[in-house]
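This report describes one protein model for a reader who is new to structural description. Please keep the sequence and the structure in view while reading.

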Amino acid sequence: MQELIKLNIIQLSLAYLFPLLLFVILKKRGLKREWELLLATFRMTVQLVLAGYILVYIFAKATLGLTLLSFFIMEIFAVLTVIRKFQKDQMPKGMKRTVAFAVFTGTFLSLIYFVFVVIGVQPWYEPRYLIPLAGMIVGNSMTGVALALRLLLDGMKKNRVVVEEILILGGSPKEAAKEVVNSAFEAAIMPTITSMMSAGIVILPGMMTGQILAGASPLVAISYQLAIMLAILGSVALSVIIMLSIGYRLYFNSEAQLKK
């Protein structure tokens, strides 16, 4: 089997033609996103290079402490990323804690189940397995929770009159917010379901592609990709439903009345 082709600095530099092409397009169309593109490209480069050197160190040490520290740093940055997107929004008191709890709980439970039950890696904290898997699970859950939170905030605001009418007619807070919560949950999981439907035909997912490039058998790569996509689906669904199930209650007081 052919060995993995290692990119030298010149080959890697040639890949930067793609953001340069987008820069020219943005400039010509006057979209004023050029510097945002440059900043994103620069940050991506620096962050990935630093991550590479850090992972080399972590993989060499392979200790429980370093692996767990890496996982919790991922979780913290994921939560902060979600919260930062909604700084200008009026959120009920306790929503930030709810987001943090949902992301941590949903991703942690899914990752632990995947590592212990599905693949059974020994030791379970082996960083070559746990860190890349955690990155995919946490990243997708973060996106799902952010989308669900946006729809929950907008839905409770736009449907305030309807929610109040249901409460007046004797409905519970759960019944009053049911439509908003269901719509948010459906929209949040649909991107994951859509990516599952197109996997293998329209796209070859990242984990599978990486393993094939590294020399693994396509059949082995497929088995891992199937498993991780199912784990991502479970993690997104669990994180989102936890956030929504707790989050909608923050709009109501102890007497089941809609807060002002």
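## Domains

The centres of domain 1 and domain 2, taken over C-alpha atoms, lie 26 Å apart. Domain 1 covers residues 1-61 and domain 2 covers residues 64-251 of the protein chain; such bounds come from an automatic or database domain assignment.

The model is predicted, with pLDDT of at least 70 needed for local features and 80 or more for side-chain atom pairs, whereas totals for chains, interfaces and linings use all residues. Residues are numbered from 1 along each chain as its sequence is written, and side-chain values use heavy atoms, leaving out hydrogens and water.

## Helices α5 and α6

Helix α5 (residues 95-119) and helix α6 (residues 127-158) have axes that come within 9 Å and cross at roughly 145°. Helices here are DSSP runs (H or I, at least four residues), numbered from the N terminus. Axes are lines fitted to C-alpha atoms over the stretch in contact, with angles from 0 to 180 degrees between N-to-C directions.

The residues in contact (heavy atoms within 4.5 Å) include Val103 and Thr107 of α5 and Ser141 and Val145 of α6. By class, this contact has 16 nonpolar, two polar and no charged residues.

## Ser239

Ser239 belongs to helix α11 (residues 218-247). Ser239 counts as buried because its relative accessibility is 0%, buried meaning under 20% relative accessible area with a 1.4 Å probe, protein chains only.

Beyond its neighbours within four places in sequence, Ser239 is in contact with Ala102, Val103, Gly106, Thr107, Ser141 and Val145. The side chain of Ser239 reaches the backbone oxygen of Ala102 at 3.5 Å.

Notes:
Helices (H or I, at least four residues) and strands (E, at least two) are DSSP runs, numbered from the N terminus. Ala, Val, Leu, Ile, Met, Phe, Trp, Tyr, Cys and Pro count as nonpolar, Asp, Glu, Lys and Arg as charged, and the others, Gly among them, as polar. Buried means under 20% relative accessible area, exposed over 50%, partly exposed in between (1.4 Å probe, protein chains only). A polar contact is a pair of N or O atoms within 3.5 Å; within protein, one must be able to donate a hydrogen and the other to accept it, and residues adjacent in sequence count only if both atoms are side-chain atoms.
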